[in-house]
Amino acid sequence: MSLNKAPKNYVFYRNQNWIYPRIERGEGIYLIGEDGKRYIDGCSGSAVANIGHGNKEVAEFAKQHIERIAFTHLSRWTVDSIEKCAERIVNWCPEGLNHVYFVSGGSEATETAIKMARQYFVERDGHKTSKWKVISKWNSYHGATMGSLSMTGSIGRRKIYDPFLANFPKINQFYHYRNPWGAKTLEETSLLAAEELEKEILRHGPENIAAFISEPVVGSAAPGVHPDKIYFQRVREICDKYDVIFIMDEVMSGSGRTGKRMASEHFEAKPDILVVAKGLSSGYTPIGAAVCNDEIFNTIMVEGSGHFIHGHTYAGNPLSCGIADKVMEIIERENYIENCAIQGDYLVGRLEDLYNYPVVGDIRGKGLMIGIEFVKDQETKEPFQVSENVKGKITVNGLEEGLVVYPGGGSVDGVRGDHILLAPPINITKEEVDLLFDKLEKAIKKTT
Ligand code: PLP
């Protein structure tokens with residue numbers, strides 16, 4: 001193998017066609033390049049930097065914490081910051097989720113959840129249990145490691161790794177705009193999507209199904225797509241009926257991002273396990289968590305072996321936990337979740353004008369987790385081909401205007417979905433929303 005291109009530096013970047021400038025620092029909703037150019041961080045990285053950049057209170061807290069302790073291993077020690085963080089996460093989760101297992105990110109969190117589900121059935125029913133499969137959906141993203149990728153329903157991300165992946169069943173997403181049933185309302189789509197879960201459980205045999213995983217509001221695979229709340233009511237009934245654990249993936253939608261503490265609240269959803277990461281620490285340090293109910297915890301840890309056969313060295317890193325707790329404290333004190341709901345409604349209201357551009361097919365989301373889908377034809381919803389790369393062009397034009405948006409992935413019948421995710425920091429002001437909108441409109445105008 002020979003190198004035909006000298007590397008820029010020693011970093012193995014994900015993308016060779018680099019278009020982004022080197023960032024010198026961040027300030028509030030802005031990223032600032034080495035040349036001084038300011039970019040509105042319209043996607044908070046990937047819905048991570050929820051309270052924005054350069055927060056002095058977080059910086060001061062981190063300095064003091066680092067001076068106090070470098071590291072303790074969670075298998076032997078506990079630290080106040082770990083316990084405080086766990087308590088606050090529980091307070092932010094739907095009722096009944098009382099036990100926090102810390103990890104370092106989203107993929108680790110979803111993998112942890114399915115191992116918890118599997119061990120729960122093994123501890124409860126003995127090693128004779130045949131429950132292991134996890135049902136997930138097309139047009140979903142649950143992570144990049146082998147277990148989480150096995151659940152991910154984004155074809156492009158799975159394709160070449162297929163030999164490594166567990167053969168987990170997939171059903172259709174509650175993707176109303178492109179629903180395969182010809183449903184006319186979101187409620188109808190939601191009911192039909194939930195019905196697929198029941199059919200799939202019966203097809204494989206409930207005795208083989210350990211869990212079902214869903215995002216409440218879809219992230220990168222189909223940004224902003226969400227169901228009617230009837231979907232999660234039906235999912236709960238179906239999971240109870242067939243003895244299946246319901247995992248809610250709030251890696252992106254949690255931590256205040258949708259105008260509620262967790263997006264599950266919008267839908268009155270009652271998962272058995274909820275996973276969260278990304279915005280939990282607002283990006284200041286890596287952290288994730290899988291939060292389970294008493295039944296799962298007691299079966300494994302109290303009545304069972306007392307040992308969850310899992311663990312990562314950085315699980316429960318005291319600094320990461322301390323920072324996540326501090327970030328949640330700031331969000332509570334400053335009412336940023338209420339702000340997120342208000343500015344999210346305001347932004348969606350302004351975005352409605354974009355339907356005047358024929359390439360804008362669908363605008364959807366909750367709070368400040370908003371997706372825009374671009375189409376070749378507004379009437380027929382015909383998608384663009386991959387080679388047309390409309391989202392890529394809008395991303396580049398946005399950068400020129402000083403706006404960063406997140407180009408979503410996913411695929412629609414083998415054709416890559418052309419969507420972008422808007423997810424600015426949740427403490428954005430109305431004036432900043434107006435600025436963001438103006439830049440986005442210019443980027444779209446330039447592209448079309
Ligand atoms: N689950 C969801 C819903 C996500 O959006 C992501 C990341 O985008 C993940 C899981 C994986 O998280 P991470 O990239 O932190 O491993």
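User: Is Thr110 buried or exposed?
Analyst: In this predicted model, Thr110 lies in helix H4. A residue counts as buried if 20 or more other C-beta atoms lie within 10 Å of its own. Thr110 has 32 such atoms within 10 Å, so Thr110 is buried.

User: Which helix gives the largest share of the shell around the ligand?
Analyst: The ligand is surrounded by 15 residues, with Gly105, Gly106, Ser107, Gly219 and Val251 the closest. By class, this shell holds 4 nonpolar, 9 polar and 2 charged residues. Its largest share is 3 residues, and they come from helix H4 (residues 106–125).

User: What distance lies between the end C-alpha atoms of helix H3?
Analyst: Helix H3 covers residues 80–92, which makes 13 residues. At 1.5 Å a residue, H3 should span 18 Å. The distance in the model agrees with this, at 19 Å.

User: How wide an arc do the buried residues of H3 cover around the axis?
Analyst: The buried residues of H3 are Ser81, Ile82, Cys85, Ala86, Arg88, Ile89 and Trp92. They sit on the same side of H3, because the arc they cover around the axis is only 170 degrees.

User: Which exposed residues are carried by the face of H3 turned away from its buried side?
Analyst: The buried residues of H3 are covered by elements including helix H2 (56–68), strand E4 (97–103), strand E10 (288–293) and helix H11 (318–333). The face turned away from that buried side carries the exposed residues Asp80 and Asn91.

User: Within what arc do the buried residues of H7 fall, seen down its axis?
Analyst: H7 (residues 186–204) has 19 residues and reaches 28 Å between its first and last C-alpha, close to the expected 27 Å. Buried in H7 are Thr189, Ser190, Ala193, Ala194, Leu197 and Ile201. These buried residues line one face of the helix, because they fall within an arc of 130 degrees.

User: What residue follows H7, and what is its phi?
Analyst: The buried residues of H7 pack against strand E5 (133–137), strand E6 (170–171), strand E7 (209–214) and helix H8 (230–242). On the other side of H7, Lys199, Leu202 and Arg203 are exposed. H7 is followed by Gly205, with a positive phi near 90 degrees.

User: What separates the centres of domain 1 and domain 2?
Analyst: The domain assignment gives domain 1 as 23–55 + 335–447 and domain 2 as 60–333. Taken over C-alpha atoms, their centres are separated by 25 Å.

User: Which element gives the largest share of the side of domain 1 that touches domain 2?
Analyst: The contact takes 35 residues from domain 1 and 34 residues from domain 2. Elements giving two or more residues to the domain 1 side include helix H1 (44–47), strand E11 (360–366) and strand E12 (369–374). The residues of this side divide into 16 nonpolar, 13 polar and 6 charged. The largest share is 5 residues, from H12.

Conventions. Residues are numbered from 1 along each chain as its sequence is written. This is a predicted model: local features need pLDDT of at least 70, side-chain atom pairs count only at pLDDT 80 or more; totals for chains, interfaces and linings use all residues. Helices (H or I, at least four residues) and strands (E, at least two) are DSSP runs, numbered from the N terminus. The expected span of a helix is 1.5 Å times one less than its number of residues. A residue is buried if 20 or more other C-beta atoms lie within 10 Å of its own, exposed if 12 or fewer, and partly exposed in between; C-beta atoms are placed from the backbone. The arc is that of the directions from the helix axis to the C-beta atoms. Two residues are in contact if their C-beta atoms, placed from the backbone, lie within 7 Å. Domain bounds come from an automatic or database domain assignment. Ala, Val, Leu, Ile, Met, Phe, Trp, Tyr, Cys and Pro count as nonpolar, Asp, Glu, Lys and Arg as charged, and the others, Gly among them, as polar. A residue is near a molecule or strand if its C-beta atom, placed from the backbone, lies within 6 Å of it.
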